[in-house]
Every structure is written in structure tokens, then in C-alpha cells.
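Subject: Structure handover

Hello,

Here is the structure I promised to pass on.

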Amino acid sequence: MDRVFIHGLAVDARIGVFEWEKQLQQPLIFDLEMAWDIRQAAASDDLRYALNYQAVTEFVEQFVGQQQFELLESLLERLAAALQAEFGIVWLSIRVEKPAVVPQARAVGLRIERGTLE
Ligand SMILES: Nc1nc2c(c(=O)[nH]1)N=C([C@H](O)[C@@H](O)CO)CN2
């Protein structure tokens with residue numbers, strides 16, 4: 001299956017376990033990989049048959065901006081389900097980095113995969 005990707009998408013979020021984290025917005029960096037059969041879009045040269053990465057980007061920005069969780073796990077699980085439902089994505093991987101929150105590390109975060117590939 002082909003993949004549409006969005007790398008390095010920075011979105012401010014209210015997320016974290018600690019009280020100080022709940023009082024501010026902090027940047028999250030997302031990498032998304034989404035399975036999509038591109039052949040119909042390629043044959044027709046028509047955006048309607050493509051997975052529109054601009055639309056996905058705006059959806060992620062809006063979704064993340066509206067949520068508040070303690071754990072990255074909670075955010076990613078819901079974001080993955082929302083993207084699959086909104087765009088009909090059968091499989092996706094979302095990786096998120098929380099930069100500079102753990103001083104010993106450049107970034108921390110997680111990566112999940114949801115759905116199935118035929
Ligand atoms: N697996 C996770 N570990 C931690 C998270 C998280 O969301 N998932 N969050 C934190 C704190 O909020 C972090 O930002 C600062 O230590 C700790 N560990």
C-alpha cells in the first residue's frame with residue numbers, strides 16, 4: 001500500500017502530568033504515515049481521490065488544539081481514531097515528540113500504529 005506522510009508538524013498543545021504543564025501550551029512535533037492507494041488520484045489527476053495532506057494537517061491542528069490530556073498516549077489514541085473515521089484511513093502510524101521536556105534528552109515521545117494493511 002502507498003503512503004502519504006506529514007513530517008515535522010508542530011502543534012501547540014496543553015498536555016502533561018504535572019501541574020505546571022497544565023497551565024501552558026507546549027509544542028508537540030508529529031510525524032504521520034498514512035496508507036492510501038494513490039492509483040485513482042494518479043490516473044485522474046484529481047485531488048478528490050487523494051488523501052489531502054493539507055486537510056489532514058489542518059484536522060490535526062484543530063483536534064490537538066481542542067484537547068487536554070495528561071498522557072501523550074491518551075492524545076494519540078484519540079487522534080488516530082479520529083483521523084481514521086474522518087478520512088477513511090485503513091492504517092496509520094503517528095509519532096509524536098515532546099521536545100526539551102526531559103532535560104537529559106533532546107526529545108521524548110511515542111509512536112503508535114493503528115489499523116490493518118491488506
Ligand atoms: N509514556 C509517557 N510518559 C510520560 C508522559 C507521557 O505522556 N507518556 N508524560 C510525562 C510528563 O508529562 C512529561 O512531560 C514530563 O516528565 C512523563 N512521562
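D45 counts as exposed because it has 8 C-beta neighbours inside 10 Å. The cut-offs are these: buried takes 20 or more other C-beta atoms within 10 Å of the residue's own, exposed takes 12 or fewer, and partly exposed is in between, with C-beta atoms placed from the backbone. D45 sits in the loop between helix 2 (39-44) and helix 3 (53-66). Its phi is near 55°, a positive value in a residue other than glycine.

Two points on provenance. This is a predicted model, in which local features need pLDDT of at least 70, side-chain atom pairs count only at pLDDT 80 or more, and totals for chains, interfaces and linings use all residues. Residues are numbered from 1 along each chain as its sequence is written.

A100 also has a positive phi, about 60°, and is not a glycine. A100 is found in the loop between strand 4 (91-99) and strand 5 (107-115). It is exposed, because 12 other C-beta atoms lie within 10 Å.

Now the overall picture. The chain has four helices and five strands. Both are DSSP runs numbered from the N terminus: helices are H or I with at least four residues, strands are E with at least two. The order from the N terminus is β-α-β-α-α-β-α-β-β. The C-alpha atoms fill a box of roughly 50 × 25 × 20 Å along the principal axes. Of the 118 residues, 16% count as buried. Take the contacts between residues at least 6 apart in sequence: 58% of them join residues at least 24 apart. A contact means C-beta atoms, placed from the backbone, within 7 Å.

Two strands pair if DSSP finds at least two bridges between them.

- Strand 3 (residues 68-69) and strand 1 run parallel, joined by two bridges. I15 stands opposite F69 in strand 3.
- Strand 1 (residues 3-15) and strand 2 (residues 26-35) are antiparallel, with nine bridges. F5 stands opposite E33 in strand 2.
- Strand 2 and strand 4 are antiparallel over six bridges. L32 stands opposite I94 in strand 4.
- Strand 4 and strand 5 are antiparallel, with nine bridges. S93 has E113 of strand 5 as its bridge partner. K98 has V108 of strand 5 as its partner.

The C-alpha atoms of V108 and K98 are separated by 5.4 Å, and the two residues are ten apart along the chain. Leaving out residues up to four places away in sequence, V108 touches K98, V101 and V102. V108 is partly exposed because it has 14 other C-beta atoms within 10 Å.

The partners K98, V101 and V102 turn up again around the ligand. A shell residue has its C-beta atom, placed from the backbone, within 6 Å of the molecule. The shell divides into six nonpolar, one polar and three charged residues. Here Ala, Val, Leu, Ile, Met, Phe, Trp, Tyr, Cys and Pro count as nonpolar, Asp, Glu, Lys and Arg as charged, and the others, Gly among them, as polar.

One more loop residue. L24 lies between helix 1 (19-22) and strand 2. L24 is exposed, because it has 9 other C-beta atoms within 10 Å. L24 and R14 are ten residues apart in sequence, and their C-alpha atoms are 6.2 Å apart.

Last, the record. An unreviewed UniProt entry annotates residues 4-114 as "domain: Dihydroneopterin aldolase/epimerase". The end C-alpha atoms of residues 4-114 lie 15 Å apart, and the span is 36% helix and 37% strand.

Best wishes

Terms used: Two residues are in contact if their C-beta atoms, placed from the backbone, lie within 7 Å. UniProt positions are given in the numbering used here, feature names are shortened, and annotations may be inferred rather than shown by experiment.
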